[in-house]
Amino acid sequence: MHTWEREIIRELAKERLEISRLPIMEERAKLWTKHNDLQGERPMIFFEPWTIADVGFFYNHIKCETPMAARLERLLGGGLVNHKMIDDDRVVTSDFVCKFDVSLLPFNMPIKKEQSTDGLGFHIVEQIKSLEDTSIIAPSNIKIDLESSKEWFDFVQDAIGDILQVRHGMDALYAPLTNEIVHRMGMENMYMEMYDNPDGFHYMMDSLSNDYVAYFRRLEAAGAIVANNKNDYLAQGSWGFCSDLPNVANTASECWGYMDSQETVSISPDMFHEFFFPYYKKVADNFGLLSYGCCEAVHSFWDKSLSKFENLRKISISPWCDERFMGEKLAGSNVIYQRKPSPNFIGVDVELNEDGFREHIRATLNAAKGCKLEISFRDVYNLSGRLNKPRRAVEITREEIENNWQV
């Protein structure tokens, strides 16, 4: 790391420390903890900023050149975006989390993609076209690289350890089963193989779910499981603060886990329950608490399947979900209603349609009466140069909560 890079990084660390000492940060941490413990005082709000590419939106221009310095700069700067640009409920803390270098590669089969546009679109190269011969389902490759994990930890400690508390940490344990399947065989093949080769399909799902369970056991044995009940990311726009999980963890059963199944949106509840839910539940049973769902409409599978997760603590209510139906189901329950508003108001419309957006948020507040509500803004890629739209959307959301929220 160059001397000038070190100066940039240390200034960011000092800024983070200063912001972490603001009284509002301690207050927000307490509110998140109460919220995730089902004792919340109000709906929590978080806006995911890292998909926004507009020039001038802090912090998407990295100055450092060497790889590890650039990585640290990106992580430090990214952690300040919400405070400086949005003012939602994200907490800035005086620690810095170093994650372990671990992963699971399903069936030891790297994903193959072909870029189909100059944007985000891509084509999946199908590697599993039929399950008539299940020998293609190889054991997954588990990577636990403690040496590179220590190298990263030592680098961060040397750079900013005298400013911020550097600690080992991890996001929610993540097992996206159907996402992994689709990225190896494509959507059409996945749907057809359930019909053409149901036994082979069950074999594939059973193998992948067993591999994830084995992965968690390997992480535990390697000492690569740590508590994620503080300022730890759960995926899908949420944070891990809670007291229902221990502050020191050695097993997956003491931690948050996350799963979703966007790829099964067109499958009937019966087929989901037969071909997918048993394997999801096998994996989810390893977690202390489960956060579930991305953009899929979870209402279709709620009664028959998803409601059967004993450790489910929060579930995604996406723009494609029947939010009234889920509000009725979750009212008075131990499951948090994690609403994801439509990104169109902020990311598609050039100007924020404030009246339409207020109506949109008001509909959620009405649908979620009696629920523990959380609002997570996601999938905003373009602000059309109107960099204040995220902040204004959060302001309006807070106003509507103040005027219309009823527990």
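**Pockets, cavities and helix packing in a predicted model**

Thr51, Tyr174, Asn179, Ala235, Gln236, Asp260, Gln262, Cys294, Cys295, Arg378, Asp379 and Tyr381 line the second largest pocket, where a pocket is, on a 1 Å grid over the protein atoms alone, an open set of points with protein on both sides within 12 Å along at least five of seven lines, and lining residues have an atom within 4 Å of a point. This is a predicted model, in which local features need pLDDT of at least 70 and side-chain atom pairs count only at pLDDT 80 or more, while totals for chains, interfaces and linings use all residues. Residues are numbered from 1 along each chain as its sequence is written, and side-chain values use heavy atoms, with hydrogens and water left out.

**Overall form**
- The secondary structure comes to 15 helices and 13 strands, taken as DSSP runs numbered from the N terminus (helices H or I, at least four residues; strands E, at least two).
- For 407 residues a compact globule would have a radius of gyration near 22 Å, and the protein agrees with its 22 Å; the radius is taken over C-alpha atoms, and the globule rule is 2.2 Å times the number of residues to the power 0.38.
- Taken along the principal axes, the C-alpha atoms fill a box of roughly 60 × 50 × 45 Å.

**Pocket and cavities**
- The second largest pocket has a volume of about 210 Å³, a volume being the space filled by probe spheres set on grid points that are joined across faces, edges and corners.
- Its lining has five nonpolar, four polar and three charged residues, with Ala, Val, Leu, Ile, Met, Phe, Trp, Tyr, Cys and Pro counted as nonpolar, Asp, Glu, Lys and Arg as charged, and the others, Gly among them, as polar.
- Two cavities of 30 Å³ or more are present, a cavity being a set of points where a 1.4 Å probe fits but cannot get out.
- The largest cavity, of about 80 Å³, is lined by residues including His35, Arg42, Cys371 and Trp405, and its lining has five nonpolar, two polar and three charged residues.
- The second largest cavity, of about 60 Å³, has Cys294, Cys295, Arg378 and Asp379 among its lining residues, and the lining divides into six nonpolar, two polar and three charged.

**Helix packing**
- Helix 6 (residues 177-185) and helix 7 (residues 187-196) pack at about 105 degrees with axes 7 Å apart, the axes being lines fitted to C-alpha atoms over the stretch in contact, with angles from 0 to 180 degrees between N-to-C directions.
- These two helices are therefore roughly perpendicular (65 to 115 degrees).
- Ile181, Val182 and Met185 in helix 6 meet Met187, Asn189, Met190 and Glu193 in helix 7, contact meaning heavy atoms within 4.5 Å.
- The axes of helix 12 (residues 323-330) and helix 14 (residues 354-367) come within 8 Å and cross at roughly 30 degrees, which makes helix 12 roughly parallel to helix 14 (under 35 degrees).

How values were computed: Parallel < 35°, antiparallel > 145°, perpendicular 65-115°, else oblique.
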